[in-house]
Amino acid sequence: MRTLCMFMNGTAPEIREARGQCTGDADFLWLLNAHHEPVSFRISHELYHGGWKIAFDTARPTLEIDKEAVKRNRLVQLAGRSLVLLSHER
């Protein structure tokens, strides 16, 4: 498999506002499929707390932001050579 996942925590202490105070943001999950065939990616139990939405999918550039949610089976379909960005509001 040639896939990669990266979790970006929206409550990381490095996230600061203009005055330098800690602030929060949404959580993000980057899913990358470098393989030429489609891949089914299952979000782990540790990261899945419901509410993940597709913010961007390179295979579906006309998909509206945050209109499609990840189903309860936690599976995200990645097209060949594509990137999907998931977001979760805190």
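Figure 1. The side chain of His88 reaches the backbone oxygen of Gly50 at 3.0 Å. The coordinates shown here and in the following views come from a predicted model. His88 itself belongs to strand S6, which spans residues 82-88.

**Figure 2. Surroundings of His88.** Leaving aside residues up to four places away in sequence, His88 touches Ala26, Asp27, His49, Gly50, Gly51 and Trp52. The relative accessible area of His88 is 13%, and the residue is classed as buried because this value is under the 20% cut-off. Arg60 lies 28 residues from His88 along the chain, and the C-alpha atoms of the two residues are separated by 19 Å.

**Figure 3. The two faces of strand S3.** Strand S3 comprises residues 39-42. Val39 and Phe41 form its covered face, whereas Ser40 and Arg42 form the uncovered one. In a regular strand, side chains alternate between the two faces of the sheet.

**Figure 4. Pairing of strands S3 and S5.** Strand S3 is joined to strand S5, residues 75-78, by 4 bridges. The two strands run antiparallel. Within this pair, Phe41, a residue of the covered face of S3, stands opposite Val76 in S5.

**Figure 5. Cysteine residues Cys5 and Cys22.** The structure holds 0 disulfides. Cys5 has a relative accessible area of 31% and is therefore partly exposed. Cys22 has a relative accessibility of 51%, and this residue counts as exposed because the value is over 50%.

Definitions and conventions. Residues numbered from 1 in each chain as written. Predicted model: local features only at pLDDT ≥ 70, side-chain atom pairs only at ≥ 80, totals over all residues. Heavy atoms only, no water. Buried < 20%, exposed > 50% of the residue type's maximum accessible area, 1.4 Å probe, protein only. Pairing = 2+ DSSP bridges. Disulfide = S-S within 2.5 Å. Contact = heavy atoms within 4.5 Å. Polar contact = N/O pair within 3.5 Å; in protein donor to acceptor, adjacent residues only side chain to side chain.
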